[in-house]
Amino acid sequence: MTNREMAFRSTPKSSTKYFAATLSYIKELNTAGKVIEARYYFERLAAIKPKNAQVIRLGYELAVKSFDKAAMRRYDLAL
């Protein structure tokens, strides 16, 4: 278990640091090539802050990697 994963799992959802911990963990999963797992946690993150610029960029990147045309279109329009 990496440090980012431990930080993500130990941070309660009610904490103000939950967004940052989740974002960094998703980015780590994405760079490791674990796109399906990253998309699962991304859906949680998008439910918290759907209009955040970092969330939109990350959503677009994950959509491209997973060949999801509908999500690519949605995040492209949001950018």
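**Talking through the model**

Reply: Let us begin with Leu58, which lies in helix 4, and keep in mind that what we have here is a predicted model.

Me: Is Leu58 buried or exposed?
Reply: Leu58 is buried, because its relative accessible area is 4%, and the cut-off for calling a residue buried is under 20%.

Me: And which residues is Leu58 in contact with, leaving aside its neighbours within four places in sequence?
Reply: With those neighbours set aside, Leu58 is in contact with Leu23, Ile26, Lys27, Asn30 and Phe42.

Me: OK, helix 2 next. How many of its residues are buried?
Reply: Ten of the 14 residues in helix 2 are buried, so this helix is mostly covered. The buried ones are Tyr18, Phe19, Ala21, Thr22, Leu23, Tyr25, Ile26, Glu28, Leu29 and Asn30.

Me: What covers the buried residues of helix 2?
Reply: The cover includes helix 1, helix 3 and helix 4.

Me: Are Phe8 and Tyr25 buried or exposed?
Reply: Phe8 is buried, with a relative accessible area of 4%, and Tyr25 is buried as well, with a value of 2%.

Me: Which kind of pair do Phe42 and Tyr75 make?
Reply: Their ring centres are 5.8 Å apart and their planes stand at 75 degrees, so Phe42 and Tyr75 form an edge-to-face pair. This pair too links distant parts of the chain, with Phe42 in helix 3 (residues 35–48) and Tyr75 in helix 5 (residues 69–78), 33 residues apart. Phe42 is buried at a relative accessible area of 2%, and Tyr75 is buried at 10%.

Me: Which residues do ring pairs link into a cluster?
Reply: The cluster is made of Phe8, Tyr18, Tyr25, Tyr40 and Tyr41. Turning to a charge beside a ring, Lys49 lies over the face of Phe19, at 4.5 Å from the ring centre.

Me: Charges, then: how many salt bridges does the count come to?
Reply: The count comes to two salt bridges. One joins the side chains of Arg9 and Glu5, at 3.0 Å from N to O. Arg9 and Glu5 are four residues apart in helix 1, and therefore about one helical turn separates them. Arg9 is partly exposed, with a relative accessible area of 44%, whereas Glu5 is buried, with 17%.

Me: Which residue forms a salt bridge with Asp68?
Reply: That partner is Arg39, and the closest N and O atoms of the pair are 2.9 Å apart. Asp68 lies in the loop between helix 4 (53–65) and helix 5, while Arg39 lies in helix 3, so the pair ties together parts that are 29 residues apart in sequence. Both ends count as partly exposed, Asp68 with a relative accessible area of 22% and Arg39 with 23%.

Me: Last one: where is Thr11?
Reply: Thr11 sits in the loop between helix 1 and helix 2, and at 17% relative accessibility Thr11 counts as buried.

Me: What does the side chain of Thr11 reach?
Reply: The side chain of Thr11 reaches the backbone oxygen of Ala7, at 2.5 Å. Leaving aside neighbours within four places in sequence, Thr11 is also in contact with Lys17, Tyr18 and Ala21.

Notes
Residues are numbered from 1 along each chain as its sequence is written. This is a predicted model: local features need pLDDT of at least 70, side-chain atom pairs count only at pLDDT 80 or more; totals for chains, interfaces and linings use all residues. Side-chain values use heavy atoms; hydrogens and water are left out. Buried means under 20% relative accessible area, exposed over 50%, partly exposed in between (1.4 Å probe, protein chains only). Rings of Phe, Tyr and Trp (its six-membered ring) pair if their centres lie within 6.5 Å; planes under 30 degrees apart count as stacked, over 60 as edge-to-face and the rest as tilted. Helices (H or I, at least four residues) and strands (E, at least two) are DSSP runs, numbered from the N terminus. A charge sits over a ring if NZ of Lys or CZ of Arg is within 6 Å of the ring centre and within 35 degrees of the ring normal. A salt bridge is a side-chain nitrogen of Lys or Arg within 4 Å of a carboxyl oxygen of Asp or Glu. A polar contact is a pair of N or O atoms within 3.5 Å; within protein, one must be able to donate a hydrogen and the other to accept it, and residues adjacent in sequence count only if both atoms are side-chain atoms. Contact means heavy atoms within 4.5 Å.
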